[in-house]
Structure formats: structure tokens, C-alpha cells
Amino acid sequence: MSVPTSTPELLRASVEQFYARHMQLLDDGDAEAWAETFTEDGLFALPGRPEPTRGRAALAEGARRAHTERLASHETHRHWHGMLDIRPQDDGSVHVRCYALVVATPRGGEPRLHRSCVCRDVLVPAGSQWQVRSRRVTRDGF
Amino acid sequence: MSVPTSTPELLRASVEQFYARHMQLLDDGDAEAWAETFTEDGLFALPGRPEPTRGRAALAEGARRAHTERLASHETHRHWHGMLDIRPQDDGSVHVRCYALVVATPRGGEPRLHRSCVCRDVLVPAGSQWQVRSRRVTRDGF
Amino acid sequence: MSVPTSTPELLRASVEQFYARHMQLLDDGDAEAWAETFTEDGLFALPGRPEPTRGRAALAEGARRAHTERLASHETHRHWHGMLDIRPQDDGSVHVRCYALVVATPRGGEPRLHRSCVCRDVLVPAGSQWQVRSRRVTRDGF
């Protein structure tokens, strides 16, 4: 499909499909493919970090390191996005403010809520896909 | 966009966008703006209350009080809606039966599931928006 | 509506509506109606079972037994699907890979995360509805 800002229903469907694949790549440890769902100079700002992460190489490296740590701790993480407030902008970008949960499950144990966050993304079209130009995350309780 | 009951995909997209904004207003403590997402005489029935709340003034007052309590207890609440069974009615209203979670995070602590509920809403069109005419919530375990 | 693979937005809306009703039937203990959301020979493979469940009679019987056990233990279960990666196939079927949570609430208690899973479904059209031809579930931590 071509870039999906033509109608609100196509916009929402394409953004939700984008996040589903995006988060599954992250949780599956496919760090390079995940980094390519950002723009070349994509920015990711997490709470408690002195500087945001910038650019696909740094994004992939961070995702790879986090996945290695989860493997070492025998814990599975699942990122859930929800309550997506999606607002198309005049410049063709889309602003999304949504909630995010991280569900963590230790080997042999029951799942628990690891994080509750608010995520503010700027998405931009790239061919028939979306890419994240910037993501700013705030963590509840932090 | 105009009132979105013309197709199932526009209906779902508009209802999901409505709930995203509706819940973010509530969780952010914007009680007046949240109350305006109900009809003037909107009804909200919660379990364990002798009477449902009726009308925007009472709805806003309840939301404001709940938010003040959360600030005092240094706890953040996030309302998640999911599994939306959306059924358009002949009179132009829409019946929604969905699940709702409340995720609570204390300052400095980890998030927990505070409530698991089932929410039955009647939504009605108001210009290009939806409004809640009635909401009846049942709480799991209650 | 007729079978909804014509556009990505109708596809997503119809799949989400299908899952909402499908999971609410299961959690409400309507085992026969739930089994009818599978094809006649529908397959359901859960981790830790030696064989998958096959066919509506066996599916209904399993759902009925699980619901009876939950009633006996005074616990409510809610199945949440999220992060739906939806991929239409050339043969008219649809592949869905998504996350699934089971939220369990004991009578008089607070909810907890009971399961975090990944669910891979093959959906096929049946008139204006979807049906599950096969479901393969993996459980985090297992």
C-alpha cells in the first residue's frame, strides 16, 4: 500500500501494523531489522539516560545489548503499545502519544509488569512504510 | 471527519481514537475535558457505588477528586481498553463491550494490575466526535 | 460486510472485531459459540499438551472444562490479544502473529498476569466472518 495518511482508518491500521512488527522485532532480538524501522538519524530518548540514542547503528547496538542481557537472565520481555492517540500533521508526519507496557516473564515463572510508560513518537512515511523519526519515553513512577 | 458509522473500518478507527484520547485525558487529570467526552447527561455506573454518576459536572468532580487522591498517594494510574466488541445500532448509537485494565505505578516502584473490568458503553455521535451516553462497569473479583 | 481482505484497514478492523468477540465468548464460558469461531476441523496447539486439540466438539469440550474449573476456583480469566501482525496470504487466508495475555482475578482479590504468550493463527473467511483454522501458542517462560 502507498503511504497511508489518506483516511483516518487507513492511517490507524497502518500505524498499528507498524508497531506490531516493530515491537515483535525488538522482542525477538532482531536488532538490525528493528533499527531499520527508524529513520537513518532516528532518535530514542529513554528516562534515566544522560543522552538520547541517535542513528540506526547506535539503536541496533542498544537493542542487541538489551537482548543479550535478557537471554543471560533467562527472561522474556514483551512490549505492548496501547491507547494510541494518532494525530496526522500538516508536514506528512504523524504524532503518536500512547501507553506502553513491558511484560517480563522469567524462565519457569509467572509474568509480571516490568514497566508502564508513555511513549511520544514522530512517525514519517518511507515508501509504503512508516519509520520512527523520534521517540521520547517517560516511565511511570520514575 | 464526519460521523464515522459509514464503514466498519472507519467506525473502529474512530472509536479507538476516541478511547485513546478519552483515557489519556482521565489519567492526565484533565477532568473537565474528560467530562466533555460524555453527553451532557452522561451516566457512569461503577460497581460498589449506590448510584451512578450523572452529568458532566458530577463526572468532572469525580475525576478531579480521584486524580487528587492519586497525586497525594504518589501513584500513577493508566486505563487500558482492549478487546473492543463494537456493534452499531439502528438509532446511530454504538454499543461497545470491552475489557479494561487499570495499571498502577507507585513512585519509585514497579507497576501492578490494579483492576480488571468489563466496560459496556453506549456511544453517540456529536458532530465529528463520539460521546459516551452511558458506561456500566463490572469489576472482576468483586 | 463481505469478506474483508479488500483493503488493509478493513482487514485489520474485521480481524480485531473477530478477536474481541472470540475472546469474550471464551471468557464468558460460551464454549459452543466459541468453538464455532473455528473451522469444523480447527486445530489448537497449546504448550505442554502432547497433542493439539482438533475439531469443534473437542474445542468446545476443552473450553467448557476450563470454564468449570475457573468457576470452581472463583477466578475470572480475561484473554487479551495485542500487537497484531496481520499478513494476508495469496490463498485468501490470513496469518496473524500476536501477543496474548491472560489476566486472572480471584474473588475478592487483585488481578495478576497469569500468562504471557505468542499466538500464531491462520484465519480463513467463512461468509462475512473469520474462522480460526489453526492456532499455535507458545508460552513465555515455558
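UniProt, in an unreviewed entry, places the feature "domain: SnoaL-like" at residues 12-136 of chain A. UniProt positions follow the numbering used here, feature names are shortened, and annotations may be inferred rather than shown by experiment. This is a predicted model, in which local features need pLDDT of at least 70, side-chain atom pairs count only at pLDDT 80 or more, and totals for chains, interfaces and linings use all residues. Residues are numbered from 1 along each chain as its sequence is written, chains are lettered from A and ligands numbered from 1 in the order in which they are written, and side-chain values use heavy atoms, with hydrogens and water left out.

Start with the annotated stretch. Over residues 12-136, chain A is 30% helix and 48% strand. The end C-alpha atoms of that stretch are 20 Å apart. Helices (H or I, at least four residues) and strands (E, at least two) are DSSP runs, numbered from the N terminus.

Next, the way the chains are arranged. Two copies of a chain are related by a rotation about an axis and a shift along it. For chain C on chain A, the rotation is 120° and the shift along the axis is 0.0 Å, with an RMSD of 0.0 Å. The two copies are thus related as by a three-fold rotation axis. Superposition is by least squares on the C-alpha atoms of residues with pLDDT of at least 70 in both copies. In chain C, the residue that comes closest to the rotation axis is E9(C), its C-alpha at 3.4 Å. Chain A is laid on chain B by a turn of 120° and a shift of 0.0 Å along the axis, again with an RMSD of 0.0 Å. Here the C-alpha of chain A nearest the axis belongs to E9(A), 3.4 Å away.

Now follow helix α1. In chain C, α1 has 20 residues. From first C-alpha to last, α1(C) reaches 28 Å, close to the 28 Å expected at 1.5 Å a residue. The expected span is 1.5 Å times one less than the number of residues. Of the 20 residues of α1(C), 18 are buried, so the helix is largely enclosed by the rest of the structure. Buried means under 20% relative accessible area, exposed over 50%, and partly exposed in between (1.4 Å probe, protein chains only). Just after α1(C), G29(C) takes a positive phi of about 80°. In chain A, α1 also has 20 residues and reaches 28 Å. Of the residues of α1(A), 18 are buried.

At 35% relative accessibility, P8(C) is partly exposed. H22(C) is buried, because its relative accessible area is 0%. Beyond its neighbours within four places in sequence, H22(C) contacts W34(C), T37(C), F38(C), V132(C) and R135(C). Contact means heavy atoms within 4.5 Å.

Where do the three chains meet empty space? Rolling a probe the size of a water molecule over the atoms shows where empty space is left. The structure holds 3 cavities of 30 Å³ or more. The largest cavity has a volume of about 520 Å³. Of the 27 residues lining the largest cavity, the closest to its centre are E16(A), E16(B), H81(B), E16(C) and H81(C). In chains A, B and C, α1 and β3 (75-88) each supply at least two residues of that lining. A cavity is a set of points, on a 1 Å grid over the protein atoms alone, where a 1.4 Å probe fits but cannot get out; lining residues have an atom within 4 Å of a point. Most residues other than glycine have a negative phi. M83(A), which is not a glycine, has a positive phi of about 55°. M83(A) sits in strand β3 of chain A and is buried, with a relative accessible area of 7%. In chain C, phi of M83(C) is near 55°, also positive. M83(C) is found in β3 of chain C and is buried at 8%.

Finish at strand β4. T105(C) lies in β4 (residues 94-106) of chain C. At 1% relative accessibility, T105(C) counts as buried. Apart from neighbours within four places in sequence, T105(C) contacts S116(B), D140(B) and G141(B), along with H74(C), E75(C), T76(C), E110(C) and P111(C).

Methods
On a 1 Å grid over the protein atoms alone, a cavity is a set of points where a 1.4 Å probe fits but cannot get out, and a pocket is an open set with protein on both sides within 12 Å along at least five of seven lines; lining residues have an atom within 4 Å of a point. Grid points are joined across faces, edges and corners, and a volume is the space filled by probe spheres set on the points.
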